[in-house]
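This report describes the packing, sheets and helices of one protein structure. The sequence and the model are shown first, and the description follows.

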Amino acid sequence: MIPSIHKAGTRTAGAIAYLYRTGRGHEAHTDPHLIASLDGLAPDPARDTNATFKQLAAYLDLPVQAADPDERPAKPVWHCSVRAAPEDPVLTDSHRGDIARRIVHATAIAPDGDDLACRWIAVRHADNHIHILATKVRQDGAKPRDSFSYKHAQAEARRIEIDYGLRAVTPGDGTAAKRPTRAETEKAQRTGHSRTPREQLRTIARTVVAVSTSPEEYLRLLASSGVLVETLRFPSGDIRGYKVALDGDTNSAGKPVWFSGSTLAPDLSYPQIHQRLAATDPAPAAGPRRPNPWHQATAATERIPHHLDQNNDAASQAHIAAFAEALDILPLHAPNDIRPQLRAAAAAFERASRSRIHADHQHARALRNAIRTIARQPTTTDGTGLAMFLDAAILAVIAIRRWSAARHHNQQVEATRQTLTHFQTAYDQAAAAPLAALARRTPPQPVVERHAHQIRQTVPAYAEQILNDPSWPALATTLTDAETAGHNPTRLLRQAADQRTLKDAHSPAQVLTWRLHRLAARPARGPRAQAAMARSTTLTAGAHRPVPPTTFIPQSTDPIGRPPHRHR
């Protein structure tokens, strides 16, 4: 159950008109009628044919009109909506009225047993929500002590959920982005848009900041994206902030409807953006031998669980924020059929990327730089890089969820749950074609059996799961490709398995396929380097424990590094 306290209003009659309005533009309002009031004497125009909206407004406004004009609040109308979750049972009007009384008591609008409290009414709007309207002058002429009413309403809602067996809503921590107002939502519906200007601008701003390398570039790219941008400066000329508006989104006076960065989201304020981008390296110069940025982004993402295990929450929060930037960019470099899921994942994770922990953005440079390099490349039709990144991203989100849960960041935990759902769908779509292409090149059976032996030696705990996985042929092909490129498949497989744990992997075979694909792209070591590595590995292992004969694989003189025949 979510109580929302709206901005204070000036006209009681206008608020009442909204509560009872039905028809075009208000299709969600079904059978609005009065369910409770302070003293049970408020008239109900929906049920009493002799009652009028004017009489109901006069009932609420009486204490305001009786007050000294100099003591009347400029905005006396208090408005709170209370919405139930979709899966909650439909409550009776009696139960809804009881909930309204508990909310006005908790917020000090009308404490229980106080006959001189503020006048209020509760109107049923639909099966899933009610509206409470009050005037903020008590009947004894005093003002209500309703400070922190939002927090008190939220706390009471948690108790109501327990008492009525409703879905428990995760309490907030004050770091969520501001929701669109009712007026913004209704305006978007009237103009045929599925999202409000605030939400559209937030998505644009998050995408632009993810590809920017400086605050100046951020403002420049924002302006070139079709958004109206106005920079705010101190008398010294230094930038102190900015505001944005959608081209064509105007108010009743024909002026643009502006939003400051901080009203889009806390981390989109200019100081926050300046701090984040100050820790970003300049865009690298293009070159023929630069590493594959998809491989770099995947490697950085695979390291996120390790970073979260360290005792540095500020660094961990920085890695989470950088990961969110990566998700904001992904839809721009994905096939059209996958973009909706990636956009939904980015929108869900946006809530998980912020907490009360202050991020030290000097960390997570590797992921930020790789993502910005990807953003500057042409969109590719090859889905291998995307599938490889999404596979690592799924494990990163699982680790982030675990990290958030350990710190009781409950809303962030819920956000990661939603993100995983979208990610898994996107990954299944992205990985299907690359895995099928690899499976079509499955090597001959003797080679497959040799690779199976290597799997049993290297990752015995997951061997049977891997060998029975439908993706095993793709992994076998990847091992053969690595071997053909001059790599020792056993050593490369061990390196891939040792990078990160496989315990959270839905398909260890697919995880190893993408890790090997990335590792095999590196130049293979020459024969001398391989021999030195073998001697070093053998001496190090011998210093700690005997090496069982069954696990020691000597170096082969075969130019592609195949082990001797007796190990096949």
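## Packing around Leu493

Setting aside residues up to four places away in sequence, Leu493 touches Gln454, Ile455, Thr458, Leu479, Leu512 and Leu516. The model is a predicted one. Leu493 belongs to helix H20, which covers residues 489–499. Because its relative accessibility is 0%, below the 20% limit, Leu493 counts as buried. His451 is 42 residues away from Leu493 along the chain, yet the C-alpha atoms of the two are separated by 9.9 Å.

## Nonpolar cores

The largest nonpolar core holds 76 residues, and the members that touch the most others in it are Phe323 and Phe423. Helix H15 (residues 384–406) supplies the largest share of this core, 14 residues. Apart from this core lies another, of 22 residues, which includes Met1, Ile99, Ala122 and Ile132.

Which residues does Phe323 touch, not counting those up to four places away in sequence? They are Thr301, Ile304, Phe349, Leu367, Phe389, Ala393, Ala396, Val397, Ile400 and Phe423.

Ile99 lies in helix H3. With a relative accessibility of 2%, Ile99 counts as buried. Its contacts, leaving aside neighbours within four places in sequence, are Met1, Val82, Leu91, Ile160 and Tyr164. Of these, Ile160 is 61 residues from Ile99 in sequence and 7.3 Å from Ile99 in space, C-alpha to C-alpha.

## The five-stranded sheet

An open sheet is formed by five strands in the order S1-S3-S5-S4-S2, with antiparallel pairing. Strand S1 (2–5) and strand S2 (33–37) stand at the edges; each has a single partner strand, so one side of each has no neighbour in the sheet. On average, and with direction ignored, neighbouring strands of this sheet are turned by 25° against each other.

S1 and strand S3 (residues 77–83) run antiparallel and are joined by four bridges. Within S3, Ser81 stands opposite Ser4.

Two helices lie across strands of this sheet. Helix H3 (residues 93–106) lies across S2, S3, strand S4 (118–126) and strand S5 (129–138), and runs at about 140° to S4. Helix H4 (residues 149–164) lies across S1 and S3, and runs at about 165° to S1.

Cys80 has 0% relative accessibility and so counts as buried. Cys118 is likewise buried, with a relative accessible area of 0%. How many disulfides does the model contain? With a disulfide taken as a pair of cysteine sulfur atoms within 2.5 Å, the count comes to zero.

## Strands S6, S7 and S8

Strand S6 (residues 227–233) and S7 run antiparallel and are joined by seven bridges. They form a hairpin with five residues between them, and Gly237 in the turn has a positive phi of about 100°. S7 also pairs with strand S8 (residues 259–260), in the antiparallel sense, over two bridges. Strand S7 itself (residues 239–246) has six of its eight residues buried, so S7 is largely enclosed by the rest of the structure.

The table lists bridge partners named for individual residues.

| Residue | Bridge partner | Strand of the partner |
|---|---|---|
| Leu232 | Gly241 | S7 |
| Lys243 | Ser260 | S8 |

Helix H12 has 17 residues, which at 1.5 Å a residue should span 24 Å; its end C-alpha atoms are 25 Å apart, which agrees. Of these 17 residues, 15 are buried, so H12 is largely enclosed by the rest of the structure.

Which residues of H13 are buried? They are Leu342, Ala345, Ala346, Ala348, Phe349, Glu350, Arg351 and Ala352. An α-helix has 3.6 residues a turn, so residues three or four places apart point the same way. The buried residues of H13 are covered by elements that include helix H6 (197–211), helix H12 (313–329), H15 and helix H16 (410–439).

Key:
Residues are numbered from 1 along each chain as its sequence is written. This is a predicted model: local features need pLDDT of at least 70, side-chain atom pairs count only at pLDDT 80 or more; totals for chains, interfaces and linings use all residues. Side-chain values use heavy atoms; hydrogens and water are left out. Buried means under 20% relative accessible area, exposed over 50%, partly exposed in between (1.4 Å probe, protein chains only). A nonpolar core is a set of buried Ala, Val, Leu, Ile, Met, Phe, Trp, Tyr and Cys residues joined through side-chain atoms within 4.5 Å. Contact means heavy atoms within 4.5 Å. Two strands pair if DSSP finds at least two bridges between them. Axes are lines fitted to C-alpha atoms, for helices over the stretch in contact, and angles run from 0 to 180 degrees between N-to-C directions. The expected span of a helix is 1.5 Å times one less than its number of residues.
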